[in-house]
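Good morning, and thank you for coming. Please look at the structure on the screen while I go through some of its features.

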Amino acid sequence: MAPAIPAGTIVYFDSTLQPASGDGVLVCDDAGNLYIRQYKLRRADHWEAHAFNQAVLPLDSRRDGLTVLAVVTGQRARWSGLR
């Protein structure tokens, strides 16, 4: 399954926005790894970060020590990168 954001795409983020369920987000886990995932709220203090590839298991805010760094506000790709 191809990634939702092809290589070479420029992704725009806003670190001042609070994420809403369904938003694309840039998250950091407790080991310092960065991911672009889809934010899905479970409860007020508990959420998951889902990969766009459904074969990849979601990250859990509690289990994986996640922090939302920014919300995805847009992306720009080269014409050759569009599908």
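I shall begin with a single residue, in what is a predicted model. Is H46 buried or exposed? H46 counts as buried, because its relative accessibility is 11% and the cut-off for buried is under 20%. As to its place in the chain, H46 belongs to strand β4, which covers residues 46-50.

Which residues does H46 touch, once those up to four places away in sequence are set aside? They are L41, D60, S61 and R62. With D60 there is also a polar contact, made from side chain to side chain at 2.7 Å.

Let us now consider the protein as a whole. How many helices and strands does it have? There are zero helices and six strands, and along the sequence the pattern reads β-β-β-β-β-β.

Along the principal axes, the C-alpha atoms fill a box of roughly 40 × 30 × 25 Å. The radius of gyration is 13 Å, which agrees with a compact globule, because a globule with 83 residues would have a value near 12 Å. Of the 83 residues, 30% are buried. The accessible surface comes to about 5700 Å², and carbon and sulfur atoms account for 52% of that area.

A word on charge: the protein carries 9 positive and 8 negative side chains. The centres of these two sets are 9 Å apart.

I turn now to contacts across the sequence. Among contacts with a separation of 6 or more, 49% join residues 24 or more positions apart.

L69 lies in strand β6 and counts as partly exposed, because its relative accessibility is 38%. Neighbours within four places in sequence left aside, L69 is in contact with S15, L26, V27, C28 and L34.

The other pair is A77 and L34, which are 43 residues apart along the chain. Their C-alpha atoms are separated by 21 Å. A77 is found in the segment after β6, the strand of residues 67-76. With 27% relative accessibility, A77 therefore counts as partly exposed.

To close, I return to the residue with which I began: H46 is buried, and its side chain meets that of D60 in a polar contact. Thank you for your attention.

Key. Residues are numbered from 1 along each chain as its sequence is written. This is a predicted model: local features need pLDDT of at least 70, side-chain atom pairs count only at pLDDT 80 or more; totals for chains, interfaces and linings use all residues. Side-chain values use heavy atoms; hydrogens and water are left out. Helices (H or I, at least four residues) and strands (E, at least two) are DSSP runs, numbered from the N terminus. The radius of gyration is taken over C-alpha atoms; the globule rule is 2.2 Å times the number of residues to the power 0.38. Buried means under 20% relative accessible area, exposed over 50%, partly exposed in between (1.4 Å probe, protein chains only). Contact means heavy atoms within 4.5 Å. Accessible areas come from the Shrake-Rupley method with a 1.4 Å probe; for residues, only the protein chains shown count as cover. Lys and Arg count as positive and Asp and Glu as negative; His and the chain ends are not counted. The place of a charge is taken as NZ of Lys, CZ of Arg, CG of Asp or CD of Glu. A polar contact is a pair of N or O atoms within 3.5 Å; within protein, one must be able to donate a hydrogen and the other to accept it, and residues adjacent in sequence count only if both atoms are side-chain atoms.
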